Each structure stands twice: as structure tokens, then as C-alpha cells.
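Hi everyone, and thanks for coming. Please have a look at the sequence and the structure on the screen, and then I'll walk you through some of the parts.

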Amino acid sequence: MTKFPGLLAAAMMMTPLAAQADTTIVFNNFLGPTDGLYTDIIQPWLSDIEAETEGRVTFHVPEASLAPPPELLTMVQQGIADGGFIMTGFLEGSNPLLQISLLPSVNASAMAGSIASWRTYENHLSQVETLEGVELLGLLTLSPGSFYSMNDTEFDDISDFQGVKFWALPGLASRSLSALGAVVSPGPAVRMYEVISGGVVDAYCCLDFSGLAAFNVTQFTKSATELPNGLYSGSFAFYIGSDIWDTISPEDQAIIRGLSGEALARRMIISEAEGEADRAAFIASGGKVHQASDELIAALADAWAPIYQDWTDAADAAGIDGAAALAYYREQVALIAAGN
């Protein structure tokens, strides 16, 4: 929300030294105040924007979210807040191509997925995929999680998923498990403790080991079966409303863009060290970690082929080469994971 310092601003407008008014952005945060994504990534990013613009752009973060998670983009489009972020899974109906990072087993790490998401958006998706009424500043992907079991079950063969009761996030995560023959109970992450602790399911997915600790379900988890690129990674889109974006000078817009996009994505390297520490703690507490066999990985790829095809078909229908975009995404993930 833009602030004009009254007569001083009017006087400046009458001189060759006229300057644009400072801008305060009401930036919505729906995560808890101690959530690692907020404290380690988002808050430092906002602080750096304030510092680099020398206070010409500042942020006010309300103590509580101004809208429920599915409505966080609409909230900014309607001017209730000036900026914020939303899980891209909530945008499947309006922005199907942004679901690329939610496809099964495409992300080697949080940073690799985040950078690949932004590069793919810039080089392929931005031609046709836009968020109406906002300036898209970043796409962040969480560390991928694989399969977790409340017993010592090791998923060695695709038949091992048949009939197993899984909790999963709605959308692509649930559809990916259903494609394996699992019986899925989808629901929001805030309900996973209730479902898992109550013994409603035998297994679950969708989070890395840090996520298990954050949602307090590690204690119910006996084993994990890991895939090289995980099964599923949560993803978020970050944006500022177009109206308030237009009040920011071109010079400060350039500063913000320079701190966003791929630069914002690279901050996700912090989460990788935390995930490794929580994985080690899981093993130290007696948890078992299995590596999926090459045979299982190949069988999963075959089972998920229709899911990948659905995405490429949607991209083709939108006017871009879906197969090329997905191949580019995978290539970027592999390059980044290899340190390139």
C-alpha cells in the first residue's frame, strides 16, 4: 500500500528532483511464524529487498493469514493483500502448466526443483502461463519425499503398493499413488497427524524428513523407501499485485527481480542440510531407510507415464511443446543436482 508524505511529496513533484513515493507491501504469510520456509527463506528474502531498495520498498506481514490457503491468490487479485504466495496445487484448474514440479519423481532436491521450475517457466511456460493481476516473482519447490510406512514394509515391487492404505495430499500426489494400486485417503497436511496417529492408513507420502518432524509424525514411522528423485515435492508461487507493482520505480523493480526468480530459488539449498540432519536423526532413532531398486524405479515410470502425458498434452493444447518443456525441466534438475 503506497504512502505519500503529504506536502513534501507535492513539493518534490514540482522540482526536477521528483521521486516516486515509498511503497509498503502487505505481504501475506499463511505459514507458522517458526516455519523453516518462512524464517530461513521468505523472511530473509523480504529483508534483502528492503535493504537493497534502501527502504523505498518495505513489507508488512500480518500476524495471521488474511485468507485460507486455496484463496491466497484471489486475495491479492482482489486487493485484500498486496502480495503473498500459494501452493501451486491449488492452481491446477487455472494454471495446469505450473503443476510441472508436482509431477511424480522429477525433483532431485529443493534447490534443483526450484531452479528448474523458474528456468522452465522463463524459457517455456511464460509464453502461455500467467497469473492474472499479479507479478510472478518466484517458484519454490520443497525437498522431495518418497514413501513412508508405519511398519517395516519395504516397497520392492510395484505389486507391494496394491491395496495399501496411503495418506497423500490431494491432486497429483494422490493420483500418482492411485496409479500404483494404492488406496488413497487424500487430505491437507494439517490433517495428516490425525490420520496417521489414528492408524487410519498404513503409509503416507509427500514430505521430506524435515516435514515429518514438523508435522510430528516421525514417531509413527518405521521405514522409508526412497527414490532418486523422490515421489512428490510441494511447490509455491510468489507474487505481488500488479497495481502495487506498478507503483514501484523501474530501478527498484529491477532490484526485486534480481533478488527473486533463480536467486530466490538458490536460497533453498538451506533446506537440504536440514533435511539431511532430520534423515540422520530418523535413522538414529531406529527408522529404516530402503533404496528403491532399479526394477521398481522403471516400473513406477511406466505406471506414471499417463500422468506425464496428461501434462504434456495440456502444454501442447496451450500452444507450447510439452514434451520439450518436460525434458528441459528434467535436464535442468539433473544439471543442478550434479553441481552445474
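Now the ground rules. This is a predicted model, where local features need pLDDT of at least 70, side-chain atom pairs count only at pLDDT 80 or more, and totals for chains, interfaces and linings use all residues. Residues are numbered from 1 along each chain as its sequence is written, and side-chain values use heavy atoms, with hydrogens and water left out.

Leaving aside neighbours within four places in sequence, Asn28 is in contact with Pro62, Ala64, Ser65, Leu66, Leu72, Met75, Ala81, Gly83, Gly84 and Phe85. Where does Asn28 sit? Its place is in the loop between strand E1 (23–26) and helix H2. By the way, helices (H or I, at least four residues) and strands (E, at least two) are DSSP runs, numbered from the N terminus. Asn28 is buried, with a relative accessible area of 1%. Here buried means under 20% relative accessible area, exposed over 50%, and partly exposed in between, using a 1.4 Å probe and protein chains only. The side chains of Asn28 and Ser65 are joined by a polar contact of 3.1 Å. A polar contact is a pair of N or O atoms within 3.5 Å; within protein, one must be able to donate a hydrogen and the other to accept it, and residues adjacent in sequence count only if both atoms are side-chain atoms.

Setting aside neighbours within four places in sequence, the contacts of Gly84 include Phe27, Val76 and Phe238.

Next, the strands. Two strands pair if DSSP finds at least two bridges between them. E1 and E2 pair in the parallel sense over 4 bridges, and Ile25 has Phe59 as its bridge partner in E2. In a regular strand the side chains alternate between the two faces of the sheet. In E2, Val57 and Phe59 make up a covered face, while Thr58 and His60 make up an uncovered one.

Strand E4 (residues 134–141) is mostly covered, with 7 of its 8 residues buried. E4 runs antiparallel to strand E10 (residues 235–241), joined by 7 bridges, and Glu135 has Ile240 as its bridge partner in E10.

There is also an open sheet of 6 strands in the order E7-E6-E8-E5-E9-E11, with mixed pairing. Its edge strands are E7 (183–186) and E11 (288–291), each pairing on one side only. Within this order, E5 (residues 147–149) and E9 (residues 223–226) run antiparallel, joined by 3 bridges, and Ser149 stands opposite Ser223 in E9.

Now to helix H4 (residues 110–123). Why do we expect a span of 20 Å for its 14 residues? The figure comes from 1.5 Å a residue, and the end C-alpha atoms are 20 Å apart, which agrees. H4 is mostly covered, with 12 of its 14 residues buried. What covers those buried residues includes E4, helix H10 (261–266), helix H11 (269–284) and helix H13 (322–337).

A quick stop at two loop residues. Most residues other than glycine have a negative phi, and most peptide bonds are trans. Glu54, in the loop between H2 and strand E2 (57–60), has a positive phi near 55° and is exposed, with a relative accessible area of 65%. Asn216, in the loop between H7 and E9, has a positive phi near 60° and is partly exposed, at 41% relative accessible area.

Key: Expected span 1.5 Å × (residues − 1). Contact = heavy atoms within 4.5 Å.
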